[in-house]
Amino acid sequence: MPDYFDLMNCELLATCSALGYLEGDSYHKEPDCLESVKDLIRYLRHEDDTRDVRQQLGDSQIVQNDLLPIIVQYRQDKTLFDACIRLMVNLTQPAMLCFGKIPDDPVFRQHFMQVTSHLQAYKEAFASEKVFGILSETLYNLLQLDWEQRQDEDNLLIERILLLVRNVLHVPADPCEEKKVDDDASVHDRVLWAVHMSGFDDLVKFLASAQSEQQWSMHVLEIISLMFRDQTPEALVSAGHARSAEEKQRDAEELEALRQKEQAERRSRTLQRGTRHSRFGGSFVVQGLKAIGEKDVIYHRNLNNFKHYTHDLGKAVRRVPKRNRQAQDCRDKRRSALNVRLFLREFCVDFLENCYNRLMYLVKESLIREQTQQHDETYYLWALSFFMAFNRGNGFRADLVSETMSIRTFHFIERNITNYYEMLLTDRKEATSWSRRMHLALKAYQELLLTVNEMDRSADEGIRQSSNVIKSNIFYLMEYREIFLTLLRKYDETKQPLSYLKDLVESTHLFLRMLERFCKGRNNLIVQRKKVRRRKSQAKKKQPAQESSPEVLEETWKTVEEELRATEFQLSASLTESIVPFDAASETPLEEQRTEAMVRVQDALLARLGPEALALLRAAREVWPDGDVFGSSDVEPEEELDLLKQIFQANLPRPPPETVAEDDDEGAELEEEELESVQLSEKEFNILDFIKRFANPGIVRSYLLLLKSYSKNTPHTNHCVARMLHRLAVDLKMDALLFQLSVFHLFNKILSDPAADAYKELVTFAKFVLKRFFAVAAQNNKAYVELLFWKNVGAVREMTEGYTKDGEGKKPSWTEEEEEELRRLYMEHLDSEVPDIVETVIQLLSNSNRTRRQVVTQLVHMGLVDSAKELKKQKKGTQIVLWTEEQELELQMLFEEFKDSDDVLGNIMKKLTAKRSRARVVDKLLSMGLVSERRQLHKKRSRGKSSGKSSGKGMVGFRRPDEDADEDSEDETDDDSEEDENEREIPQPVRKRRQDFNLTAESRAEIRSMANALQQEGLSGPLLWLQRSLNKTAKDRKDDSPSQPVPLAPFSEENEDAMENRNFQKLLSKLGIRPPENEQETFWRIPENISKSQLMSAAAALTPAEDEPEHSEEQQGPRESPEEPQDRAEEEEEEDEEVSSEQRAQALRALLLARSRKSHSAEDAGTDGGVILDSV
């Protein structure tokens, strides 16, 4: 008995022995064979982390000696056959699934390798036509059954057979053990041949094409992808065909290049060899080359090898850190045996004609509906690129791949590329896997472009027209047009291999060629572009409600009132039908559209369009009947007139006008904060302007990195690199971009290559760049210093056209008289108590055209101030940090005075002499012990009080502008700005405590309002990306295990712009997301101390109010005991009733206040009648 039985578990040994025994070619099963198989399945279910049961069963060769003979000889025993198939599916599952990943621990790595070796032995045992014949026959009999006759056990057996074949094909090859060369049959080839001889491949094609078997589409696609794992479309297309004249010529040219290189190296060695052997090496002094000291270098070797001398000889090779090493490519493809390639070629032809379109449609629908497992989209991407490439090489037919030739496919792949890149940045441990998936998506995108390019050459006019439609879309939309530009900018050689860069460069070359041909036949091409608009922050500056005088407003209202009374408040049918109070397709929430409808009513009244205003009011009443904001349903005409007058006199919140931003490179502080929003528009496309965007040092470095391996690249790859560099250096006249020492070192290597004749294009281009450099160096004596640096477009222009002096090309310079005037005014008001010294100086300057930015910049330039931040516009309450004894005493007296009032904090804020934010006052009251908790300072609302009747003007909800609503919004803004500016004053322990994240109802409401404001600014996309990131982090985070901070890495330019937006950063801080703490961090991070439930709560808070599910707080909060939910529901109902009654009482009080002012004069109405709308 072998020695491994001594190491096996006794129970396992007894169970394996109870299966039966193999005698020659026949297997004799024991009576307890079925029960033993079930026991082994049970043992596998309870194995430990080292997979000891699996390893021991592999050592005993149970699959080779027991399970396979059983299914061959006892296939009629259905129960035993099903159990054996089930056990083999478990035993053959990939080692990656068993261990989760490739283990880092050496002990577990050894176990991983042991399991893999057992799987390779299983695969060799499955390379039998007899075994696959049994599987094919069983699967065929099951597929013959109709759906009415097929049982659940039959469907399970079908799925297990497909999984078993998939697991066997998935086993990786061991080239060290097999030692097979090209055109020799490997283990994988023998398994494929057994699949073919048994007819299993025909069953796979049937499953892919049959309408009744569409549930197996994902399994079929996995099996097909694993069958073609080692193949390339080009090798299969040429299988069995004689080489064409073009292929023979290409091979001859490659062979001639190798022969020339070998002869050149041989001649070089001959010249280096001396004519006479020297028995003494000798020593030589190298004049002009200094050693460590002041003396010249002494060379102790043969002079023939002196040209290879460097100071690095004899030094230890510096070890490159693992994180900085270049990413490695996957293993190379191998050429299978000819008979295997021929049968795979026929399989591809049949699959394209009968199965491809249907199978890809089913898989795509499953992926969109998320009915598949994680990362299953990679099989779809592989099948798309492989079979479309085979179709191109095997007599292109567009109808065979029509399912994947659409804009939807472009969009699907573009989304996956974006997602893969985001995960590449965030999931650093699995960066290699995400890089491979991203490479697969790029290959699919490249194949789509190649197929579109092939459609252009078709003789069918309809196919060429379809190609033009697809190209019009991908060239018009910004996402498809700029994807290669973005990927080149984001390329990271430590995470993405050189093969990825090769495909990216070739895809970019193809895309630019297609774009150039598309633009050549057209006078103009309209494309989509992104426009950044900026508008003034509402928190910083509020616009006046009306610019007209009270007399003009009174006259306008009289005109409108007379017009409405003349028509007796009757409206025409055409006017009523044409009025639409809201936009159903708009992203703006309905609550905010209600305010906009009120503004539209006011605009119509100001324009003296009384009937239009009345029609809009009545239409809005039908849309928003709740709360009688636009009047009740039974409102009288006179009451409607009073309501219109209140709206006419109200100070409604209006969006500020948008202004197009202008670029300004000066570093002074902006006069006022500006909010950015991204808007899409159209413009005329210019191919030269688009190519200028590739003139980026990062992109040029990526191309030169690929060019370093020019001797290993294909001629097409070298041509793509040379063509892009030619566009930059010749077409754009930016050859100075290549004036860099490493580039010249590479050019020198190409020029001195013995086989330089094979790279004529690169040699010609290198000579051109060097010639241009020496021409520039003759005029610019700093050109040799510039070789040390990579240059952007501005540096290129300065190097070739001349350097600009300080102040040139910027704002008009200041004269000596103006500088003296500025210095005098600044020194005069330096010690004064003016609130803003810059504004004071600007008003007194003789040149009234100077802006705040120019004045601040000049003060910094003259040295009167050290930084522009010292002259930043002061905000309310931001500079008061410490409390004096007098201020503390004043605060205590005010608290004692107003502690019994309804609004303690509001009254204290009005009476304080030193104005501070509400947050600072609350903190001080808590620290002084005057209150024990913050809720004691909340404003008390009166309950149950109502007055007046419900009428057309009863529930509009106006209130005076000096009430605490404005103070709340202003103080909140002040709090944010104060916390930003005084961040350095917060001690470290306090900073840590602030990271503890717990959302209250008030915080969620504030977050929701901030999100709505950002959505109005055009940041819907970044908000959705932020919500997805929070949900994804919550999904990956576990409550019972430690977590790590997760960075928020923006991929698109829209998300990058949003991360620089001040209001978006405030939202991030409100959500508990922390900014970079030091110079080593680039991205904002989700802290590790935020739990899964808190992250889900934060993500839900970003949802608009009308889309938020009911009882969200109950869903996000902790679990309650069974006795509590009913009581809590009753409490929430009472709170809702209280809130609604408070709002109604507040609106009624505002109504009484408005009625009491009706008798005032026109002047009083102009001053006191200004009211603001309270969003009820």
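This is a predicted model: local features need pLDDT of at least 70, side-chain atom pairs count only at pLDDT 80 or more; totals for chains, interfaces and linings use all residues.
Helix α20, which covers residues 407-426 and so has 20 residues by count, reaches 29 Å from its first C-alpha to its last, close to the 28 Å expected at 1.5 Å a residue. Of the 20 residues of α20, 14 are buried, so this helix is largely enclosed by the rest of the structure.

**Helix α17**

- Helix α17 runs over residues 338-354, and because its 17 residues should span 24 Å at 1.5 Å a residue, the separation of 24 Å between its end C-alpha atoms agrees with that expectation.
- The buried residues of α17 are V340, R341, F343, L344, R345, F347, C348, V349, F351 and L352.
- These buried residues pack against several other helices, namely α12 (187-197), α13 (200-209), α14 (217-227), α15 (233-237), α18 (356-368) and α19 (377-393).

**The pair α26 and α30**

- Helix α26 (residues 550-566) packs with helix α30 (residues 637-649) at an angle of about 155°, and the axes of the two helices lie 11 Å apart.
- Because an angle over 145 degrees counts as roughly antiparallel, α26 and α30 are therefore described as roughly antiparallel to each other.
- The crossing in which α26 passes α30 is right-handed.
- On the side of α26 the contact is made by L553, T556, W557, E561, L564 and R565, while α30 contributes E638, L641, L644, K645 and F648.
- Sorted by class, the contact of α26 with α30 has 6 nonpolar residues, 4 charged residues and 1 polar residue.

**Loop residue Q326**

- Q326 is placed in the loop between β4 (296-299) and α17.
- Although Q326 and E493 are 167 residues apart along the chain, their C-alpha atoms are separated by 5.5 Å.
- When neighbours within four places in sequence are left aside, Q326 is in contact with E493 and L498.

**Loop residue E213**

- E213 has its place in the loop between α13 and α14, two helices against which the buried residues of α17 also pack.
- The relative accessibility of E213 is 2%, and because a value under 20% means buried, E213 counts as buried.
- Not counting residues up to four places away in sequence, E213 touches L143, W147, R150, F206 and L207.

How values were computed: Residues are numbered from 1 along each chain as its sequence is written. Side-chain values use heavy atoms; hydrogens and water are left out. Helices (H or I, at least four residues) and strands (E, at least two) are DSSP runs, numbered from the N terminus. The expected span of a helix is 1.5 Å times one less than its number of residues. Buried means under 20% relative accessible area, exposed over 50%, partly exposed in between (1.4 Å probe, protein chains only). Contact means heavy atoms within 4.5 Å. Axes are lines fitted to C-alpha atoms, for helices over the stretch in contact, and angles run from 0 to 180 degrees between N-to-C directions. Angles under 35 degrees count as roughly parallel, over 145 as roughly antiparallel, 65 to 115 as roughly perpendicular and the rest as oblique. A crossing is left-handed if the near helix is turned anticlockwise from the far one by less than a right angle, and right-handed if clockwise. Ala, Val, Leu, Ile, Met, Phe, Trp, Tyr, Cys and Pro count as nonpolar, Asp, Glu, Lys and Arg as charged, and the others, Gly among them, as polar.
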